[in-house]
Amino acid sequence: MNNWLTALGATLALVACDAGAANAGPSDAQIADIVVTANQVDIDAGKLAEARTQSKDVKAFAQRMVMDHGGVNQSAVELVRKLQVTPEPNDTSKSLQKGGDANLAALKKLSGAAFDKAYIDHEVTYHQAVLDALDQTLIPSAQNAELKALLVKVRPAFVAHREHAKHLQASLGKVGS
């Protein structure tokens, strides 16, 4: 399971490197692709968890991830259409997708309590990484006021998701003890 942690670390480094080019940061088109990819990665993991978990709490969390991240993606897609911006694939979005694919592959090898723990552990780490990227790169780099406003608007949901995942993480740890 450490492969996804490595991929996540590499993704965060890419976000920082993207921002390092004359402190320009990613363009709005690149930010749009990063946002859509990051949300889709979590939707895909949530759908897998919905199908695999036997825990009603983990299932409810996974359903919330699919619903909330689907909503964010819908808002992002509507905004880029309105702004006539085409999301631009970039190293960060490609790395996010690669990490998401690695996470799914690793999760598919697990079942039961091991699956639940791995899924929730990933959710805690993933949401923290997304928050770090939002705060350090994506929000400061967004040039379009509406895009920046959307990023600021969805940030509290990512905080709530991370805290919910931490709560589940603690309860799963007690069950497995």
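**Figure 1. Side-chain contact of Asp121 with Lys117 in a predicted model**. The side chains of Asp121 and Lys117 are joined by a polar contact of 2.7 Å. A polar contact is a pair of N or O atoms within 3.5 Å; within protein, one must be able to donate a hydrogen and the other to accept it, and residues adjacent in sequence count only if both atoms are side-chain atoms. Asp121 is placed in helix H5, residues 112-141. Helices (H or I, at least four residues) are DSSP runs, numbered from the N terminus. Asp121 counts as buried because its relative accessibility is 18%; buried means under 20% relative accessible area, exposed over 50%, and partly exposed in between, with a 1.4 Å probe and protein chains only. Because the model is predicted, local features need pLDDT of at least 70 and side-chain atom pairs count only at pLDDT 80 or more, whereas totals for chains, interfaces and linings use all residues. Residues are numbered from 1 along each chain as its sequence is written, and side-chain values use heavy atoms, with hydrogens and water left out.

**Figure 2. Ring pairs of Phe61, Phe115 and Tyr119**. Two aromatic pairs are found in a search of the whole structure. Rings of Phe, Tyr and Trp (its six-membered ring) pair if their centres lie within 6.5 Å; planes under 30 degrees apart count as stacked, over 60 as edge-to-face and the rest as tilted. The Phe61 and Tyr119 rings form an edge-to-face pair, with centres 6.1 Å apart and planes at 70°. Phe61 lies in helix H3 (residues 56-83) and Tyr119 in helix H5, so this pair ties together parts that are 58 residues apart in sequence. The rings of Phe115 and Tyr119 are stacked, with centres 6.2 Å apart and planes at 10°. Both of these residues, Phe115 and Tyr119, lie in helix H5, four residues apart, about one turn of the helix. Phe61 and Tyr119 are buried, and Phe115 is buried as well.

Figure 3. Asn73 counts as buried, at 8% relative accessibility. A polar atom of the Asn73 side chain lies 3.3 Å from the backbone oxygen of Val36. Residues up to four places away in sequence not counted, Asn73 touches Val35, Val36, Asn39, Gln40 and Ile43; contact means heavy atoms within 4.5 Å.

Figure 4. Leu79 is buried, with a relative accessible area of 10%. Not counting residues up to four places away in sequence, Leu79 touches Glu146, Leu147 and Leu150. The C-alpha atoms of Leu79 and Ala32 are separated by 9.2 Å, although these residues are 47 residues apart along the chain.

**Figure 5. The largest nonpolar core and a second, separate core**. A nonpolar core is a set of buried Ala, Val, Leu, Ile, Met, Phe, Trp, Tyr and Cys residues joined through side-chain atoms within 4.5 Å. The largest core has 22 residues, of which Ile31, Leu134, Leu138 and Leu151 touch the most other members. At least two residues of this core come from each of helix H2 (28-52), H3, H5 and helix H6 (145-176). H5 supplies the largest share, seven residues. Leu134 is in contact with Ile139, Pro140, Leu151, Arg155 and Phe158, its neighbours within four places in sequence left aside. The second core has 16 residues, including Phe61, Ala62, Ala165 and Leu168.
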